[in-house]
Amino acid sequence: MSKFKKKKKGQPAISTASLPDIVFMLLFFFMVITVMRKNDLKIDAPRLPSATEVKKLEHKSLVSTIYVGKAKDKGKYGSSYNRIQLNDKIATPDDVPAFILNEREKVSDAEIPFMTTSIKADKESNVGTLTDIRLKLRDVNALKLSLSTQKGSSISK
Amino acid sequence: MARRENPEINAGSMADIAFLLLIFFLVTTTMDVDSGISKKLAEKPPADYDPPKIKEKNLFQISINRNNELFVDGDVMELKDLKAAATKFIDNGGGIGNPVNGVPGKACDYCAGDKSETSSDHPNKAIISIESDRATEYGTYVTVQNELLGAYSDLRNKLCQKKYGMSFSELEKSYIDSGRKDESLKSKIVDIKSSYPQIITDLDPTGTK
């Protein structure tokens, strides 16, 4: 009978001493992969159009982002979808060259030809706005452009 | 005097602190990589630039009006038919191509099109032009670009499958996996790319500012 008596003893508590280690490991993982957004959005987060033939943007440091969409401050900027945000300000297409030149100062000369401009525009914004930006980019020879999209097909077949 | 022992610091709350930080980073992390349709803009033409003359049959004219409707070579077309029409146009191969690296142009021997007299001569002569109204929705514009790129990548995949036994996207991937060093893969990629070069031009938009 002693065999059965032994079993009745409660199991020893599981040691939680290594819990902090596990949590720290996860913590460091997330700390390393986190990229903080550089600037606050002054426009509503753009609803990106969807596309399938996309290329990934590599080298985050060489990408300068231009946002196009509806301004959050509707009293000041109206409710059209064609507001352009550069850095953390609402701007006009005329400010694009200065923005690009400013971005170029942050990287070394050898890397300038590899710089890409990523346009994150809302799908309801107008092509005219895009063209204005494109012409300005051409003026300062920033010729690599990426139209930011999300994955998926927008055509119902 | 009795020496007092340093009491041990209680590390029990360490896990709580770490959890707090962990949850903060979990919430702020975004995993998605930026991706998009990449375009290379043309350089600014000099003031006295004389645009080359292009035969109309080598031009695939797409225009999008302010109601997001599509006109291709003068006819209304639905978005879902665009890819097939573009593929047919690019792959027609009805004539002699442009000279490449000094070698005089020759007929397209890999094209699977119907060699029509009224469509493009050669993939390297086939130009797709997109004209859109200023008020066109950006979403439609991106979709059109996407369909055209889709047509090109289908053609490239098909040719690559025939020539090298794998699709073009697989070829590109294995080149990147090799650390962009494998010269034989690179020459294959260049060969496929020059067989079907992407020639898409954006005209200045119509409509008032």
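## The largest pocket

Helix 4 of chain B is the biggest giver to the lining of the largest pocket, putting in 7 residues. This is a predicted model, and that pocket holds about 1900 Å³ of space. In total 43 residues line the pocket. Those lying nearest its centre are V54(A) and K55(A) from one chain, with S38(B), E172(B) and K193(B) from the other.

Which elements give two or more residues to the lining? From chain A come strand 2 (55–56) and strand 7, while chain B brings strand 1 (35–40), helix 3 (138–164), helix 4 (168–177) and helix 5 (183–195).

## The open sheet of chain B

Over in chain B, 5 strands make an open sheet, and they run in the order 4-3-2-5-6 with mixed pairing. Strand 4 (75–77) and strand 6 (200–202) of chain B each have a single partner strand, so they stand at the edges and one side of each has no neighbour in the sheet. Going from one strand to the next, the twist averages 30 degrees.

Helix 2 (residues 79–90) of chain B packs on this sheet. Helix 2 touches strand 2 (59–64), strand 3, strand 4 and strand 5 (127–132) of chain B, and its direction makes about 165 degrees with that of strand 2 of chain B.

## Who pairs with whom

In general, strands of a sheet pair through backbone hydrogen bonds, in either the parallel or the antiparallel sense. Both senses turn up here. Strand 2 and strand 5 of chain B go parallel over 6 bridges, and L59(B) stands opposite I127(B) in strand 5.

On the antiparallel side, strand 2 of chain B pairs with strand 3 of chain B over 3 bridges. I62(B) sits opposite V72(B) of strand 3 there. Strand 3 (residues 70–72) of chain B also pairs with strand 4 of chain B, antiparallel over 3 bridges. V72(B) comes up again in that pairing, with D75(B) in strand 4 as its bridge partner.

## Two asparagines with positive phi

Strand 2 and strand 3 of chain B form a hairpin with 5 residues between them. What is the phi of N68(B), in the turn? Its phi is positive, at about 65 degrees, and this is a residue other than glycine. N68(B) has a relative accessible area of 27%, so it counts as partly exposed.

Chain A has an asparagine of this kind as well: phi of N141(A) is near 65 degrees, again a positive value in a residue other than glycine. Look for N141(A) in the loop between helix 5 (127–139) and strand 7 (144–148) of chain A. Its relative accessibility is 47%, so N141(A) is partly exposed.

## Two buried residues in chain B

C108(B) lies in the loop between helix 2 and strand 5 of chain B. Buried or exposed? Buried, because the relative accessibility of C108(B) is 6% and the cut-off for buried is under 20%. Setting aside neighbours within four places in sequence, C108(B) is in contact with G93(B), G95(B), K115(B), H122(B) and P123(B). For a sense of distance, C108(B) and D182(B) are 28 Å apart in space, C-alpha to C-alpha, and 74 residues apart in sequence.

S195(B) belongs to helix 5 of chain B. At 6% relative accessibility, S195(B) is buried too. Leaving out residues up to four places away in sequence, S195(B) touches Y110(B), P123(B), L159(B) and K163(B).

## Chain A as a whole

Chain A has 5 helices and 8 strands. Read from the N terminus, its elements go α-α-β-β-β-α-β-β-α-β-α-β-β.

Of the 157 residues in chain A, 40% are buried. Looking at contacts in chain A with a separation of 6 or more, 73% are between residues 24 or more positions apart.

Note on methods. Residues are numbered from 1 along each chain as its sequence is written. Chains are lettered from A and ligands numbered from 1 in the order in which they are written. This is a predicted model: local features need pLDDT of at least 70, side-chain atom pairs count only at pLDDT 80 or more; totals for chains, interfaces and linings use all residues. Side-chain values use heavy atoms; hydrogens and water are left out. Two strands pair if DSSP finds at least two bridges between them. Helices (H or I, at least four residues) and strands (E, at least two) are DSSP runs, numbered from the N terminus. Axes are lines fitted to C-alpha atoms, for helices over the stretch in contact, and angles run from 0 to 180 degrees between N-to-C directions. Contact means heavy atoms within 4.5 Å. Buried means under 20% relative accessible area, exposed over 50%, partly exposed in between (1.4 Å probe, protein chains only). On a 1 Å grid over the protein atoms alone, a cavity is a set of points where a 1.4 Å probe fits but cannot get out, and a pocket is an open set with protein on both sides within 12 Å along at least five of seven lines; lining residues have an atom within 4 Å of a point. Grid points are joined across faces, edges and corners, and a volume is the space filled by probe spheres set on the points.
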